[in-house]
Amino acid sequence: MSHDTGTLLISDADFNRMVKFVRNNYGIDLRQKRQLIQSRLSNVIKSKGFDDFNQYVDYLLKSGTGDDINQLLSKLTTNYTYFMRETESFDYFVKSILPEMERKHQMDKNLSLWSAGCSSGEEPYNITMYMMDYFGAKYSVWDTRILATDISVEVLAKAQRAEYQLPENMPAEWKRGYFTPSSGNRYQVTPQVRQNVIFRQFNLMNPIRFRRKFDVIFCRNVMIYFDQPTKAALIKRFYDATVPGGYLIISLSETLPPDAPYKRITTSIFRK
């Protein structure tokens, strides 16, 4: 059979090995993704010079590097993100959470935020724009830096380039104030906004050992890929990494398990 074209098929044994490996190390549940694995990884396998899934899975389990894993995960999980996504959550953030944080941090003027699973960077930049709008002239005396993490080196590189096509609903004053026209019909985020975001590679399966606890953790459309035990354990780690009274913001289409330690405030917003 010629391997030049078409999709390679994965055997039950290789599929099971791969599913187990990815679930144990990255918490991502691929049990329903057999077609996706075959269609999206066939070219990867050929480009690495392997003949079939068996050789690829052997390689991955024995000597796969971080880059190989990143390539695998970015092919199988959709890094679909955009500006102004689920504005209801942002509205709550601006109207309720920021005023409360401003009062709480009146002395140290220091907010601690984390965009967990930040993908190509729209979310942390967007949060920054909302904060700049909210604080206005006072913004310069506040430290609002956001930690933005993702497992994929590829999307983090894109996030640091900060060049995007802007959505229709991008407010005109934001387009003027927070972006500069780049090549084609793309725009680059201004240096002032970019400086507010610190990008780091991080696997959410790992212990969370950042220097400070967070006032707000955004983790939207990330846990949909995880199985229940992984999700429950991650929520517990988030909880421990949140300051008392701090918030976890998930996406509108997600829910936390009933025994999650956070208290539900409204759709997608939870509090410690």
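**Aromatic residues**

I began with the rings, and found that Phe90, Phe93, Tyr130, Trp174, Tyr178 and Phe218 form one aromatic cluster. A reminder to myself: this is a predicted model.

Next I searched the whole structure for aromatic pairs, and the search gave 18. I looked up Tyr130 and Trp174 first: their ring centres are 4.8 Å apart and their planes stand at 80 degrees, so I noted the pair as edge-to-face. This pair links distant parts of the chain, since Tyr130 is in helix H6 and Trp174 is in helix H8 (residues 172–178), 44 residues apart. Both Tyr130 and Trp174 are buried.

I then checked Phe202 and Phe210, which make a tilted pair, with 5.1 Å from centre to centre and 55 degrees between the planes. Is each of these buried or partly exposed? Phe202 has a relative accessible area of 12%, so it is buried, the cut-off being under 20%. Phe210, at 27% relative accessibility, counts as partly exposed.

I also looked for charges over rings. Arg34 lies over the face of Phe15, 5.0 Å from the ring centre, and Lys272 lies over the face of Tyr239, at 4.6 Å from the ring centre.

**Helix H6**

H6 covers residues 122–135, and its 14 residues reach 20 Å from first C-alpha to last, close to the 20 Å expected at 1.5 Å a residue. How many of the 14 residues of H6 are buried? I got 12, so the helix is largely enclosed by the rest of the structure. Among the buried ones are Glu122, Glu123, Asn126 and Thr128, along with Ile127, Met132 and Phe135. Just after H6, Gly136 takes a positive phi of about 55 degrees.

The largest nonpolar core has 46 residues, and Tyr56, Trp114 and Phe238 have the most contacts inside it. Elements that each supply at least two residues of this core include helix H1 (12–26), helix H2 (34–47), strand E1 (113–116), strand E7 (214–218) and helix H10 (228–240). H1 gives the largest share, 6 residues.

Which residues does Phe238 touch, leaving out those up to four places away in sequence? I listed Trp114, Ala116, Leu204, Ile208, Ile217, Cys219, Leu248 and Tyr262. There is also a second, separate core of 38 residues, which includes Phe90, Ile127, Met132 and Phe135.

**Strands**

E1 and E7 pair in the parallel sense over 3 bridges, with Trp114 opposite Ile217 in E7. E7 is also joined by 4 bridges to strand E8 (residues 242–249), again running parallel, and here Phe214 stands opposite Thr242 in E8. I found 5 of the 5 residues of E7 buried, so the strand is largely enclosed by the rest of the structure.

Last, I looked at an open sheet of 3 strands, with the order E3-E5-E4 and antiparallel pairing. Strands E3 (163–164) and E4 (179–181) stand at its edges with a single partner strand each, so one side of each has no neighbour in the sheet. E4 pairs with strand E5 (residues 187–189) over 3 bridges in the antiparallel sense, and Tyr187 in E5 is the bridge partner of Pro181.

Note on methods: Residues are numbered from 1 along each chain as its sequence is written. This is a predicted model: local features need pLDDT of at least 70, side-chain atom pairs count only at pLDDT 80 or more; totals for chains, interfaces and linings use all residues. Side-chain values use heavy atoms; hydrogens and water are left out. A nonpolar core is a set of buried Ala, Val, Leu, Ile, Met, Phe, Trp, Tyr and Cys residues joined through side-chain atoms within 4.5 Å. Buried means under 20% relative accessible area, exposed over 50%, partly exposed in between (1.4 Å probe, protein chains only). Contact means heavy atoms within 4.5 Å. Two strands pair if DSSP finds at least two bridges between them. The expected span of a helix is 1.5 Å times one less than its number of residues. Rings of Phe, Tyr and Trp (its six-membered ring) pair if their centres lie within 6.5 Å; planes under 30 degrees apart count as stacked, over 60 as edge-to-face and the rest as tilted. A charge sits over a ring if NZ of Lys or CZ of Arg is within 6 Å of the ring centre and within 35 degrees of the ring normal.
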